[in-house]
Amino acid sequence: MARKIMIAGNWKMNGLSADGLELAKAIKAEVKLKKRNCEFVVCPPFTLLGTIKKALKGSRIVLGAQDCHFDEKGAHTGDISPLMLLDMGCTYVILGHSERRTDHGETDELVSKKAKAAHKAGLKTIICIGETLAQRESGETIDVCSKQILGSVPDDATAVDTVIAYEPVWAIGTGKTPTTQDVEEVHAAVRKVLAKKLGRAQANKMRILYGGSVKPSNAKELLSLPDVDGGLIGGASLKAGDFLAIADNAGC
Ligand code: PGA
């Protein structure tokens, strides 16, 4: 089953107008240099979506946001709706990132509600899951990830509107990564749970990204495993050269 590799950059809360624009232009220029067969996504903070959208015009890099509300509009001070993201030119929205789950108490139920709303609006979602260090050390990784998949992914999700990102919490921004065997094991287990939830056809087509301290030097071993369909890149996506070197090393 051929699944198109995705290389997605999660800029998190980084970037002001000038440096964000510079980064987007550099990524666009680097992507143009070579014929590539992967899908590139950049997810800047809300404040830069308009600027980056303009900067990426004419390229094949698509835009994503890092969160959304589950309502279309209304009295939710400080929140952004899926329709607003669509209006800004977003194709994707990241949901359930561990930093949102930790900093904002987001639950699987809330993530699923947001995902349903995003799909209804016409956005595609990148739904994040992953275990903490304590959960890994107590052997709960597969159970935790399975439960997150079952709770966070809507029942009618498809391989067209949904991408999964497995990001062990302890690997995010730490420079630590699981072994390739561990990554393979979790991705295979996640695909099994997706098959149970959405049917084998959708599960076989759905992309499962790995995220957590991906850099050019480990991209090849982590992103070319059988059930790994690309990467969600944090820190290394803030340097155009590193972001593209990751794509190169992932084989696209
Ligand atoms: P990192 O972040 O690449 O900086 O570890 C990944 C993520 O949180 O999406």
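View 1. The distance from a ligand oxygen to a polar backbone atom of G234 is 2.9 Å. The side chain of H97 places an N or O atom 2.7 Å from an oxygen atom of the ligand. A polar contact here is a pair of N or O atoms within 3.5 Å; within protein, one must be able to donate a hydrogen and the other to accept it, and residues adjacent in sequence count only if both atoms are side-chain atoms. On its own the ligand has 280 Å² of accessible area, and the protein covers 95% of it. Areas follow the Shrake-Rupley method with a 1.4 Å probe; for residues, only the protein chains shown count as cover.

Two notes apply to every view. The model is predicted, so local features need pLDDT of at least 70 and side-chain atom pairs count only at pLDDT 80 or more, while totals for chains, interfaces and linings use all residues. Residues are numbered from 1 along each chain as its sequence is written, and side-chain values use heavy atoms, leaving out hydrogens and water.

**View 2. The shell around the ligand.** The ligand is surrounded by 13 residues, and the closest are K12, H97, E167, G173 and S213. The shell holds four nonpolar, seven polar and two charged residues. Ala, Val, Leu, Ile, Met, Phe, Trp, Tyr, Cys and Pro count as nonpolar, Asp, Glu, Lys and Arg as charged, and the others, Gly among them, as polar.

View 3. K12 lies in the loop between β1 (6-10) and α1. Its phi is positive, about 55 degrees, although K12 is not a glycine. S213 belongs to the loop between β7 (208-211) and α10 (216-223). Phi of S213, also a residue other than glycine, is positive and near 60 degrees. S213 counts as buried because its relative accessibility is 16%. Buried means under 20% relative accessible area, exposed over 50%, partly exposed in between (1.4 Å probe, protein chains only).

**View 4. Q66 and two backbone oxygens.** Q66 is in the loop between β3 (61-65) and α3 (82-87). Its side chain reaches the backbone oxygen of K12 at 3.0 Å. The side chain of Q66 also reaches the backbone oxygen of P44, at 3.3 Å. Q66 is buried, with a relative accessible area of 19%. Beyond four places in sequence, the contacts of Q66 (heavy atoms within 4.5 Å) include N10, W11, M13, C43 and R100.

**View 5. Helix α7 and its packing.** Helix α7 (residues 141-152) has twelve residues. From first C-alpha to last, α7 reaches 16 Å, close to the 16 Å expected at 1.5 Å a residue. That expected span is 1.5 Å times one less than the number of residues. Helices (H or I, at least four residues) and strands (E, at least two) are DSSP runs, numbered from the N terminus. The buried residues of α7 are T141, V144, C145, S146, Q148, I149 and S152. They pack against α4 (98-103), α5 (108-121), β5 (124-129), α6 (133-137), β6 (162-166) and α8 (180-198). T141 counts as buried because its relative accessibility is 6%. Leaving aside neighbours within four places in sequence, T141 is in contact with E131, Q135, R136, Y166 and V186.

Conventions. Near = heavy atom within 4 Å.
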